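Here is my note on the model. Please keep the structure open while you read the numbered points.

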Amino acid sequence: MGRGLGGAVSASNANEPRMNHERPAPHTGRYAMHKYWSKKPHNLVAHDIQRFSGVGDIVLDAFCGSGVTIIESVRLRRRAIGIDINPVAVLMTRMGLQHTDLRALDTALETLRSAVAGPIAQHYRTVCPRCGHPQATVTHTIWNAHQPIELWVACDACRTRKWVKTPSEQDRAAALAPGSGAIAWYPTCELIPNSRVGVKPGDRVCDLFTPRALAGLSLLLQAIRRIEDPTIRSAMEFCFSATLPQASKMVFVIRQRGKMRHAGDSQPAPAPGQAEVGSWVMGYWVPAEHFEVHVWRCFEHRFRRMLRGKEEINRIIPTSAHPCESFEALSRGEAGYLVGVGTATNLPLPDEAVDYVFTDPPHGNRVPYLELSLMWNAWLGFESDWEQEVVISDARSRGKHMVDYQRRLVAAFQEYWRVLKPEKYLSVVFHSLDDATWLLMLNTLRTVGFALVALRPLDYSNGSVAQDTRRHALKTDMVITCQKPTTPTENHWPVVFHCSQEDLEALVRECLSRLNGTAATSDVVNAVLIQGISTGMMFKISHIVAMLERLGTFHQGHWYHPDGR
Ligand SMILES: C[S@@+](CC[C@H](N)C(=O)[O-])C[C@H]1O[C@@H](n2cnc3c(N)ncnc32)[C@H](O)[C@@H]1O
Ligand SMILES: [Zn+2]
């Protein structure tokens, strides 16, 4: 098994994907079922898996997140091991692999519908503003400063899907205090105070939802828990979890100014700044003006999305790939996967067991995953091992500082080294425009004993938070690929920053004239880094940017060679 790569991999042919202009694929189908932060573009991850491992090989990602490495590995007929400290991330990974009987899923939806859709709908009844029917449905409520100010109404009687209404006294009462209907369990635990993600001391998970949403969600979860088939139950729990952000008060209102009515529209004139539904981004901010979406409709919407993902999974995940309970079971078979909650710093694997590692560790303080996932984990009843998380967090109570992060990151890469077979490869996704974490990452790899073989940019899939038109926008992650030498050598690849301004100037000039007018800051920085490292020179990103500003001309998002425009 496996595929010898010999000396074929070098920093120069590491540029190939870029040269082929392989674009990052969007997160659709199997990757659109549940939100997670910094999901990696599956086609580019698949590219590395194919390049650095063979069919039947064992691929490991011990920071697997939503499971892109694992799902792509199994799709490509590798065996895969996925570990993450975050229980909901492990659920996502499992869900991206597991074959599911779609008819049984549909049947379960109908069972849930007959159990809870009616009681939930009671909370959203209103009089149709168009035909006067008393049993119309409030699909969306816009709240402002704790008061319902606008309702969107659907009515079967007059076949209206959306009619905007100002709430009556009765509507206000229903929204503010949703009656005495049954309310089952919901999570009241506190979030971790952290101003960076919008949490104040004392804020609780349940405070993220209106009383009406809490009532509906708690009934729904209770009914899901009664599903007997464990595969279908956990798919429905997963769908429930995916519903939570859009069922919360964190859904902001997008006001589109100047949107015109079309002739013949049967809608009343939109209020100034017609509203559109936003979606949860990152952090626990509840905007003063926010939506409340009908819980059952929200769940059904997510269900349809899950169904599309599951159809795809049934099609592309080989039927021979089964979940394994232990490494021994995985290593005995020719196909399969081992997925579970754990810490990358202490892997439940023997030495030299793995053929390839593709991994994407938390990038410093960018995303406090466990804190942000508490909303999901609390509802699902999952406990987290906060202590073990590799992260830098502003939450004072956590003591997650740079030193703790550094120590755990080194421990994780020592584990990767231990479990990787000699001569095999490890690819790490890392952020490119931050000198301190760059050095830390490179030095971690060096300390552990890895040898750099390739470096290339990994584009983001979509217009993510990091993408904008500022000249220093962080558009790119880098993939650093290393090899585990057969014998540990003293003479590791030395990570020292090169300071010669002349060398840097020559490199930047060369890259500028090659990329003239086609490259954003991150493209030029990547080109200089790759070019530099292939000839043994590593420059600080801030120095590259400074040189770029001195030598180049920036116009409409692109850099020009001063003589080339
Ligand atoms: C950058 S994300 C990975 C995202 C993933 N590449 C994807 O496409 O979804 C980093 C992950 O590391 C996890 N993590 C943090 N500390 C960990 C630890 N000690 N052991 C395992 N996983 C950990 C976080 O929960 C998070 O899911
Ligand atoms: Zn009507």
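1. Terms first. Buried means under 20% relative accessible area, exposed means over 50%, and partly exposed lies in between (1.4 Å probe, protein chains only). This is a predicted model: local features need pLDDT of at least 70, side-chain atom pairs count only at pLDDT 80 or more, and totals for chains, interfaces and linings use all residues. Residues are numbered from 1 along each chain as its sequence is written, chains are lettered from A and ligands numbered from 1 in the order in which they are written, and side-chain values use heavy atoms, with hydrogens and water left out.

2. Overall build. The protein has 565 residues, and 56% of them count as buried. Its secondary structure comes to 16 helices and 16 strands. Helices (H or I, at least four residues) and strands (E, at least two) are DSSP runs, numbered from the N terminus. A contact means heavy atoms within 4.5 Å. Among contacts between residues at least 6 apart in sequence, 74% join residues at least 24 apart.

3. The zinc site. Cys128, Cys131, Cys155 and Cys158 coordinate the zinc ion (ligand 2) through their SG atoms, at 2.3 to 2.4 Å. Donors are N, O and S atoms within 2.8 Å of the metal (3.2 Å for Na, K and Ca); water is not among the atoms, so sites may look incomplete. The spacing of the donor residues in sequence is C-x2-C-x23-C-x2-C. The site is tetrahedral because its four donor atoms subtend angles of 108 to 112 degrees; the cut-off for four donors is that all angles lie between 85 and 135 degrees.

4. Cys128 has 4% relative accessibility, so it counts as buried. Cys131 has 40%, so it counts as partly exposed.

5. Helix H3. Seven of the eight residues of H3 (residues 68-75) are buried, so the helix is largely enclosed by the rest of the structure. What do the buried residues of H3 pack against? Their partners are helices H2 (42-52) and H4 (87-95), and strands E1 (58-61), E2 (79-84), E10 (337-341) and E11 (354-359). Just after H3, Arg77 takes a positive phi of about 65 degrees.

6. The H8 and H9 pair. The axes of H8 (residues 230-243) and H9 (residues 295-316) come within 9 Å and cross at roughly 120 degrees. Axes are lines fitted to C-alpha atoms, for helices over the stretch in contact, and angles run from 0 to 180 degrees between N-to-C directions. Residues in the contact include Phe238 and Phe240 of H8, and Phe299 and Phe303 of H9.

How values were computed
Tetrahedral: all angles 85-135°; square planar, octahedral: opposite > 155°, others 65-115°.
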